[in-house]
Amino acid sequence: MMTALMIALVVLGGSIGDVLITKGMKQVGEIATLNGRELLRIAGRALTNKWFLFGLFFMAVSFFSFLAVLSWADLSLVLPATSVSFVITTIGAKLILKEKISSVRWAGIVLVCIGVALISLP
Amino acid sequence: MKTAAVLIIAIFAQAAGNVFLTRGMKSVATTAPADGGLMSVVSQSLHVALQAMQSPEIWAGTLLLIVFFALYSAALSWADLSFVLPATAFGYVLNVAAGHYFLNEEVTKARWIGSIIITLGVVFVSRSGERTTTTVEPAQASAAGDGQ
């Protein structure tokens, strides 16, 4: 039960983090320069964007939950289980970021999810 | 094209970063003391952390993973999350290959099949267009302003 809760925290934390980082980066705006000073300014803008920082926070929550759950559960259970985050994140991108997920994209994402689960088996 | 270039460099940086980190941590772990008890676990963790910071391989691995994250975030500034995230899953395939060639890890049948399915999935996703949202979000002007 505790293991399932922690895996949910790993997956949800990662998905929420990804959605928030995307929201932040879309506000920062499309990066269309290779000029070093300009890139530093953009990095500064990202690192002071509240959505980006919230996103980093959730990523950190996810990462430390991952480390914590590994202290008692098997990696061969935890790692395949977290592959479901590809689907959860896509649902978040659709609902919150209003991305349009075509059926081709859905098919690709489900394939990736299955493949990642297979790869992470012992 | 820009997206493909940025993501390919990102994925290679990630795979190389993982190889460096694994090599670094393996050499650290074998030199650390190993026995039971909470205090010894704490002191062992500190010991490992201190040793890790002296390893050039771990610094290189960390730096490469930061490069990965910067490029990943950069791609998200113009492309869909539902495009970028599954596309970077190709990194898993590279990790399997890198683990095999550089760390002498064995590749099981499940990993081979998984690699093929992921590659197929990434091909599907890459054919679905990289951006489906409008370029300017309503909140962008004011939010970008107070972010400065």
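User: How many helices and strands does chain A have?
Analyst: The model is a predicted one. Read along the sequence, chain A follows the pattern α-α-α-α-α-α. The count for chain A is therefore 6 helices and 0 strands.

User: In chain A, what share of the contacts with a separation of 6 or more comes from residues 24 or more positions apart?
Analyst: The C-alpha atoms of chain A fill a box of roughly 45 × 35 × 25 Å along the principal axes. Of the 122 residues in chain A, 42% are buried. Among contacts in chain A with a separation of 6 or more, the share from residues 24 or more positions apart is 80%.

User: Which helix of chain A gives the most to the side that touches chain B?
Analyst: The contact takes 38 residues from chain A and 34 residues from chain B. On the chain A side, at least two residues each come from helix 1 (2–28), helix 2 (36–47), helix 5 (85–95) and helix 6 (103–119). That side divides into 20 nonpolar, 10 polar and 8 charged residues. The element of chain A that gives the most, with 12 residues, is helix 6.

User: Is Ala74(B) buried or exposed?
Analyst: Ala74(B) lies in helix 3 (residues 56–76) of chain B. Leaving aside residues up to four places away in sequence, Ala74(B) touches Ile31(A) and Val6(B). A residue with 20 or more other C-beta atoms within 10 Å counts as buried. Because Ala74(B) has 24 other C-beta atoms within 10 Å, Ala74(B) is buried.

Note on methods: Residues are numbered from 1 along each chain as its sequence is written. Chains are lettered from A and ligands numbered from 1 in the order in which they are written. This is a predicted model: local features need pLDDT of at least 70, side-chain atom pairs count only at pLDDT 80 or more; totals for chains, interfaces and linings use all residues. Two residues are in contact if their C-beta atoms, placed from the backbone, lie within 7 Å. Helices (H or I, at least four residues) and strands (E, at least two) are DSSP runs, numbered from the N terminus. Ala, Val, Leu, Ile, Met, Phe, Trp, Tyr, Cys and Pro count as nonpolar, Asp, Glu, Lys and Arg as charged, and the others, Gly among them, as polar. A residue is buried if 20 or more other C-beta atoms lie within 10 Å of its own, exposed if 12 or fewer, and partly exposed in between; C-beta atoms are placed from the backbone.
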